[in-house]
Amino acid sequence: MALLLRRSALFLPISLLLGLIILLLAAKIAGPMDIPASKPAVFYDNRGQLVGKWDTTNKQWMDSNAMAPALKLATLAVEDRRFFHHHGFDFRRMIQSALIDLRHFSKAQGASTITMQYAKNLFLSNDKTWLRKFSEMFYTIRLEMNESKKSILEGYLNTIYYGRGAYGAEAGARTYFNKSARDLSLAEASMLAGIPNGPSIYSPFMNYGKAKKRQKVVLNTMVKSGFLSKKRAEIAYHAPLHLAHAENKVPEKASYFQDALRHELIDRLHFTQKELASGGLKVYTTLDNETQETAEYWVKRVIPSSTPIQTALVALDPKTGGVVAMVGGRDYTKSTYNRAVSAKRSPGSAFKPFLYYAALQNGFTPATRLKSEPTAFAFDNGRRDYTPNNFGGYYANNPITMAQALALSDNIFAVKTHLAIGMKKLVSAARSAGISSALAPIPSLALGTKPVSVLELARGYATFANQGARIQPAMITKVTDSKGQVLYEWQPKKQQVLNRQTSFVLSQMMTGVFDKRLNGYTKVTGSKISGLLTHKVAAKTGSTPSDSWMAGFTPELVSAVWVGYDQGEMISTYPDSGYAKTIWAHFMESALKGKPKNAFKAPKGVVSVRIDPKSGLRAGKGCSGRPTYFIKGTAPTTYCGKQEPHKLQKPTKQRRSLLDRLFHWWK
């Protein structure tokens, strides 16, 4: 072993010399290089206005002449004291490290110069392969050939990571001392210079004792390098440090949207953190700043500051899937948890539109009538039963139409329908519309017992708004590099997954939640906010003991709002349960300002018929009527009141026998 080490020690200098000659030739042939812009990615809204950036630490590039001299000297001492005396490589350190590598069969990292580290920061990943080391040496030579020492040191000081999201000396100084890098004292500079060696270890916020030990190492190294007297080092070490206090941050614009945007850049588009932190990228988004401000305004306006209840809101452009507004909580500075995309809660009756779409596809119409009364349902071949209740214990105790059942949110009608068409039909319809969370063919699914996210529900409703065409929610339209070259460009796609005519009929049924003409035995669920709306909107409310929902759409805008407590506490008071409706109504009305009052256009294959809500028949003389859409050929032909002979439907007895066959199991 000793002989092998001696031979290696003799052979190593020759190998290094040959390797360097090869690298020098390659670097010379490659010529000058374009140094990536060491700037964080910048975010723009859908009008090209600045929204924010990747690095939220207020990163700024600073000329090295403006930085405190103590910071530059401390950095040189602890990272590369011979920086101005070598051409990119410190051969003494390299040979020592290589010998250690051979002894331990590992790759030591103690030989990296400032130029090598800067090359790695600009061009390379953090993996520890020999290929990466070779590439690092290649880029190091190119930097030394084409850049001045001042430029290299300045670039290094502006790209090195100081922890807590701070890239560069200016960001580091403001993060730890709440001052500019130009104003750092020797004590502060020596503390800051020691952090990059291990930001999670030497952060004075996380471990002040270890940070002080590291500061002492930096100061002692400055003394050994001749940059500092021993006495000045002692004074600096004992000088008091005034660290930045954790103050309330000024909230970013569209904070939760930006948070989700950062995840999408990494998780879906696979940009690296290095690219986003220092690559000078420009990210163009789907965010509509005016719509976002409207959403934030109504959340703050409606929910009192005294209550701990939380909320989330998502608004989509249904034509493309672009997220135009997102609120993930009431105050990002107090809670960064994004409830719009990360939380999943039971949607309650807001899930029923998926059920009634499936029903319309399987023989039901808006005029189909079933009796609303307390009912115990048997399922699983009679081995199990399920007994739902209507909200507040209200039942019609008479037949009601499906249009009424949706507007009144009747649970009995919903479960009867669910069991009649087959419980897998609801699962299939919801899946097709875009619901990806776990679902199960169980009776309670008709009442929205399986949790979904706010974004997910908005996507499902967007499919109805698009007359059955499903979209994929997105937040990014384009990403360009520092030279303007397009790295990614969004191509919105629609897929026709649901029947166009059925989706439109359902959307018009959903406008009934605001229509008092559908009032059968209690108020329609949107009656309290109907006076706030001037536009025709399709919507559905949803409630569970711990969740309150309101979601709806026009062909131009979809939005979903959730209100509840993070830990699932019961919503016990009416104001709490009404916040979602009020926020949603005000938001939709404000966001749709200037848009057509009725943007819905019926596709071919549907007809509008005036239906009497009480009987489910065509409105004749003496009967009230509400315009109701049907797929052509499925509208009732019988009139209530005075009937026209040529319009008579089949005998009532036959109609009842059909329902008897469908629902024999509950009698």
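**Figure 1. Helix α15 and the elements packed around its buried residues.** The buried residues of α15 pack against helices α16 (402-408), α17 (411-421), α18 (423-433), α19 (454-465) and α20 (500-510), and also against strand β14 (538-544). Helices (H or I, at least four residues) and strands (E, at least two) are DSSP runs, numbered from the N terminus. This is a predicted model, in which local features need pLDDT of at least 70 and side-chain atom pairs count only at pLDDT 80 or more, while totals for chains, interfaces and linings use all residues. Residues are numbered from 1 along each chain as its sequence is written, and side-chain values use heavy atoms, with hydrogens and water left out. How many of the nine residues of α15 (residues 352-360) are buried? Nine of the nine are, so α15 is largely enclosed by the rest of the structure. Here buried means under 20% relative accessible area, exposed over 50%, and partly exposed in between (1.4 Å probe, protein chains only). Among the buried residues you can look for F354, Y356 and Y357.

**Figure 2. Helices α10 and α11 side by side.** The axes of α10 (residues 208-224) and α11 (residues 230-238) come within 9 Å and cross at roughly 165°. Axes are lines fitted to C-alpha atoms, for helices over the stretch in contact, and angles run from 0 to 180 degrees between N-to-C directions. The two helices are therefore roughly antiparallel (an angle over 145 degrees). From α10, K212, Q215, K216, L219 and V223 meet K230, A233, A236 and Y237 of α11. The residues of this contact divide into five nonpolar, one polar and three charged. Nonpolar covers Ala, Val, Leu, Ile, Met, Phe, Trp, Tyr, Cys and Pro; charged covers Asp, Glu, Lys and Arg; the others, Gly among them, are polar.

**Figure 3. A closer look at Y237 in helix α11.** Which residues does Y237 touch, not counting residues up to four places away in sequence? Y237 touches K212, Q215, K216 and L219 (contact means heavy atoms within 4.5 Å). Y237 and V218 are 19 residues apart in sequence and 10.0 Å apart in space, C-alpha to C-alpha.

**Figure 4. The disulfide between C623 and C640.** A search of the whole structure finds one disulfide (a pair of cysteine sulfur atoms within 2.5 Å). C623 and C640 are joined with an S to S distance of 2.1 Å. The pair links distant parts of the chain, 17 residues apart: C623 sits in the loop between β17 (606-611) and β18 (626-631), and C640 in the loop between β18 and α22 (652-663). C623 is partly exposed, with a relative accessible area of 23%, whereas C640 is buried at 7%.

Terms used: Angles under 35 degrees count as roughly parallel, over 145 as roughly antiparallel, 65 to 115 as roughly perpendicular and the rest as oblique.
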